[in-house]
Amino acid sequence: MSAFKNESLRNAAVKSVTVSTSIPGEPVQWNAGGIKLVGTPESEGKQYRIIGGDFDYLKAFGAKLLTGRIFSKDFVTTDPHTVVLNKKATEQMGFAKPDQAIGKRIDFWGDVYTIIGVVENHHQQSLHDAYDALIYRCIPDVRGDVSVKISTANLPATIAALKATWQNFFPGD
């Protein structure tokens with residue numbers, strides 16, 4: 001997928017390309033229960049929705065950073081062991097302020113992840129729905145939905161070029 005992304009980004013009309021397990025507008029498919037801060041009792045584990053994305057996911061969708069940082073290729077060796085929470089998730093974990101979550105570690109089904117950032121809440125689906133407690137995981141080689149942000153100038157040519165690039169990397173798909 002990285003070759004497709006890199007080739008697509010050579011087109012000046014392509015602003016970003018990202019791959020994720022979920023995209024805004026659809027239900028988050030990954031639910032995980034029992035997530036808790038390291039060192040707390042199992043009984044404190046709670047349910048969260050999980051979105052796995054590559055390094056570019058949060059930036060591509062314009063996530064508003066409240067504190068800390070988002071995933072970065074500058075931290076390629078450590079970011080797969082980190083998470084970014086939304087504000088609702090920090091509240092559900094018991095933090096009074098988002099910045100209190102930075103550097104804390106969570107137990108996620110036996111694996112430990114460090115919280116590196118907190119982003120503002122967003123409505124994953126309808127504006128009528130309450131915010132979900134979301135945890136974003138950095139999965140550099142994630143397979144899932146491909147999202148491409150393009151310039152609106154000359155849409156037919158841009159879409160045709162993207163289709164050709166896709167067919168070049170994924171013939172018959």
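Mentor: Ala, Val, Leu, Ile, Met, Phe, Trp, Tyr, Cys and Pro count as nonpolar, Asp, Glu, Lys and Arg as charged, and the others, Gly among them, as polar. This is a predicted model, in which local features need pLDDT of at least 70 and side-chain atom pairs count only at pLDDT 80 or more, while totals for chains, interfaces and linings use all residues. Residues are numbered from 1 along each chain as its sequence is written, and side-chain values use heavy atoms, with hydrogens and water left out.

Trainee: What is the volume of the largest pocket, and which residues are closest to its centre?

Mentor: Rolling a probe the size of a water molecule over the atoms shows where empty space is left. On a 1 Å grid over the protein atoms alone, a pocket is an open set of points where a 1.4 Å probe fits, with protein on both sides within 12 Å along at least five of seven lines, and lining residues have an atom within 4 Å of a point. The largest pocket has a volume of about 360 Å³, taken as the space filled by probe spheres set on grid points joined across faces, edges and corners. Its lining has 18 residues, of which M1, S2, K5, P140 and D141 are the closest to the centre; by class, the lining comprises 9 nonpolar, 3 polar and 6 charged residues.

Trainee: How are helix 1 and helix 4 oriented to each other?

Mentor: Two packed helices are described by the angle between their axes and the distance between the axes. Helices are DSSP runs (H or I, at least four residues), numbered from the N terminus. With axes fitted to C-alpha atoms over the stretch in contact, and angles running from 0 to 180 degrees between N-to-C directions, helix 1 and helix 4 (residues 155-169) come within 10 Å and cross at roughly 155 degrees. They are therefore roughly antiparallel (over 145 degrees). In contact, meaning heavy atoms within 4.5 Å, A3, F4, E7 and S8 of helix 1 meet L162, T165, W166 and F169 of helix 4; by class, this contact has 5 nonpolar, 2 polar and 1 charged residues.

Trainee: Which helix gives the most to the lining of the largest pocket?

Mentor: Helix 1 (residues 2-9) does, with 4 residues.

Terms used. Helices (H or I, at least four residues) and strands (E, at least two) are DSSP runs, numbered from the N terminus. Angles under 35 degrees count as roughly parallel, over 145 as roughly antiparallel, 65 to 115 as roughly perpendicular and the rest as oblique.
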